[in-house]
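Q: I have a structure open and would like to learn how to read it. Can we go through it feature by feature?

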Amino acid sequence: MVEQRTAASVAVVEPTPDELRSAIWARVQQARNVKRPHTLELIQSIATEVIELHGDRLFRDDPAIVGGFCRIDGRRAVFVGHQKGAETDENIRRNFGMPHPEGYRKAIRLFRLAERLGLPIVTFIDTPGAFPGPASEERGVAEAIARAIMTMCGLRTPIVTVITGEGGSGGALALAVGDVVLALENSIYSVISPEGAASILWRSAEYSQQAAAAMRLTAAEQLALGVIDEVVPEPPGGAHTNPEETARRLRARIAAHLDALAGRERKALLDARYARYRNMGEFAIAAESGEAQPQRPGLRARIRRVLDAGRNALVGGEGETNDPTADSTDEADVQRTGEGS
Amino acid sequence: MPSFKLPFGRARQEYPPNLWTKCPDCAEMLYNKQLDKNQRVCTRCGHHFRLRADQRIAQLLDRDSFREQDANLESVDMLGFVDQKPYSERLAAAHAATGSRDAAVWGPGTIAGTRVVVCVMDFAFMGGSMGTVVGEKVTRAAEHALDERLPLIIVASSGGARMQEGTLSLMQLAKTCAALGRLGDGGVPFISVLTDPTTGGVFASFAALGDVNIAEPKALIGFAGARVAAGTIAEELPEGFQRAEFLYDHGFADLVVPRAKLRETLLGLLRYMKPSAQVERAGQNGSSPLGRSAQLFDELIRREPTHG
């Protein structure tokens, strides 16, 4: 973490708004790059003895969420993650990584199993959002997401979460409540897709790049906001240029955090997790008359400073690339959800 | 339904908007005083108009029993968010237009003498969107309900998470769900009332998690906005998609209750849904588990002789 913050503060040249916008958009395209390693590919490289488990025991097996047992450098764990496809056929089968309710209910089932077996949980986040169609609504996707979030908040076992690609809204958060939240350098995390925000706030999807910049969705900015705890650097050129190296870097950080969390007393673990989310965001307390006083004076200025430093680092940072293959997949664009603000 | 004579002709210019409201469903012109008297439900077709938070509280709680808490919490622009307007300007405009500081109020009150904690969302303030302040109020309501062992009622009305607060608004989903998890583990019941509209991140967090979920008739309740769903999915959306009755049919709402019956329905449920008397399992839950358990233990000890 220290390494990233230092890297952020050495940037000297102020980028222009246009440079900044295209640098941020390049990250969005990296995060969506169809060649980027997805959950199953990552876990096969990160861990050994992987056994995938299937089904929510209620309706069916959702291929957009995968999970099972794995061993990470000797440590037994349960993994759960969104699963996109690398090829068009697989992407259709995986519904472009957009889960139906049964995907989240499968996740809840595996979380409970991990808790009962005393195994830690590692989750991998990579989804444009939960699937917004009629089948999803009929089976209660909102309830499934809410239930998954609530379940994770109270699970009596350590949880390490990694944002590996797209952290799209509630459909991402439903697997992303953790004691430690890591993010790959070119991943993004947002409350709504840039396209969705643009069409609602600017009334036109043409403003997606502006929306992406306004939402501060890059990993560096999410670190400054405290939403994630650590950025894991990608190999030069991005994760897809060297999936093995990406997995190696992830394995080292995941293993370190699993070890740190393993010794924690259960109540302290749960209280710290509660406090982590309890303290997210800031508000002011209005005086009876006159100006509102910030609740934690100076916090906003500090966030802004770190955000600005993070932004400067976005232009010409280590993983920065103009690689033309970084374009997002066409199919994913068609299917892109503007889901649930 | 008492009929009433119009004191003047039906010519359009003779319906000043401060006196008359047009029903969006049946186009009937409704006299505002009559509409208010009917709890803002159309006297002709039963359309439920949206309520401001104070109107909802007046309809549900005993007169003067509500004690609003944390009315002075204000949203701040953490991200320096600018779309077509800066977020700070949108906040100021919403404050000026509604007189409210944000999109939710909470506090203790009574329903026919039964003590409850309520939190009511206000769609008039930025579409009832949930930013840090709304998340904080929902969470404080749940924590207070747990500490005081009082049933919690949340009346939702919201388009979803507040985009201008970025992922910090998304994190409010986790914050509120965490508090509700502790409330449930502590044996304190939660009734969720879903009103028009309840969508996005609010439906996908606390609003979906009631021990009992009640919806108002025909309220729009769904995860993705219907237009988004229709636009993303090249499918014809079914009739009544994402309406209260759709939720009921698919098993996600226990009851669809017209506004006129809401208070007595809540009262009926509260007779069954009382906080459990048992002490929480030690060290597991509660906002201050040790202090709370010790206090409950004291209460139980003091109560002991009356059982004998």
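**Reading the model, step by step**

A: Start with confidence, since this is a predicted model. Over residues 304–308 of chain B, pLDDT stays under 50, and the model has 0 contacts there beyond four places in sequence.

Q: What is chain B made of in terms of helices and strands?

A: Chain B has 10 helices and 10 strands. Of its 308 residues, 45% are buried. Among contacts in chain B with a separation of 6 or more, 67% join residues 24 or more positions apart.

Q: Which domains does the assignment give for chain B?

A: The domain assignment gives domain 1 (1–49) and domain 2 (50–274). The contact between these domains takes 6 residues from domain 1 of chain B and 10 residues from domain 2 of chain B. On the domain 1 side, these are 2 nonpolar, 3 polar and 1 charged residues. Taken over C-alpha atoms, the centres of the two domains are separated by 27 Å.

Q: Which residues have the most contacts inside the largest nonpolar core?

A: They are A:I145, A:I149 and B:C177, in a core of 169 residues. Take B:C177: leaving out residues up to four places away in sequence, B:C177 touches A:A146, A:I149, A:M150 and A:C153 on chain A, and B:S205, B:F206 and B:L209 on chain B.

Q: In which sense do strand 9 of chain A and strand 3 of chain B pair?

A: Strand 9 (residues 283–286) of chain A and strand 3 (residues 73–75) of chain B pair in the antiparallel sense, over 3 bridges. In this pairing A:F283 stands opposite B:S75.

Q: How do I follow strand pairing inside chain A?

A: Go strand by strand. Strand 1 (residues 48–52) and strand 2 (residues 65–72) of chain A are antiparallel over 3 bridges, with A:I51 opposite A:F69. Strand 2 of chain A also pairs with strand 3 (residues 75–82) of chain A, antiparallel over 8 bridges, and here A:R71 stands opposite A:R76. Strands 2 and 3 of chain A form a hairpin with 2 residues between them.

Q: What should I look for in backbone angles?

A: Most residues other than glycine have a negative phi, and most peptide bonds are trans. A:D73, in the turn of that hairpin, has a positive phi of about 50 degrees. B:M126 is not a glycine either, and has a positive phi of about 45 degrees. B:M126 lies in the loop between strand 5 (114–121) and helix 4 (132–148) of chain B. The peptide bond from B:D196 to B:P197 is cis, with omega near -15 degrees, and B:P197 lies in strand 7 (residues 190–199) of chain B.

Q: Is A:D73 buried, exposed or partly exposed, and which of these is B:M126?

A: A:D73 is partly exposed, with 14 other C-beta atoms within 10 Å. B:M126 is buried, because 26 other C-beta atoms lie within 10 Å and 20 or more count as buried.

Terms used. Residues numbered from 1 in each chain as written. Chains lettered and ligands numbered in written order. Predicted model: local features only at pLDDT ≥ 70, side-chain atom pairs only at ≥ 80, totals over all residues. Pairing = 2+ DSSP bridges. Helix = DSSP H or I, 4+ residues; strand = E, 2+ residues; numbered from the N terminus. Domains from an automatic or database assignment. Contact = placed C-beta atoms within 7 Å. Nonpolar A, V, L, I, M, F, W, Y, C, P; charged D, E, K, R; others polar. Buried ≥ 20, exposed ≤ 12 C-beta atoms within 10 Å, placed from the backbone. pLDDT = per-residue confidence, 0-100. Core = buried A, V, L, I, M, F, W, Y, C linked by C-beta atoms within 7 Å.
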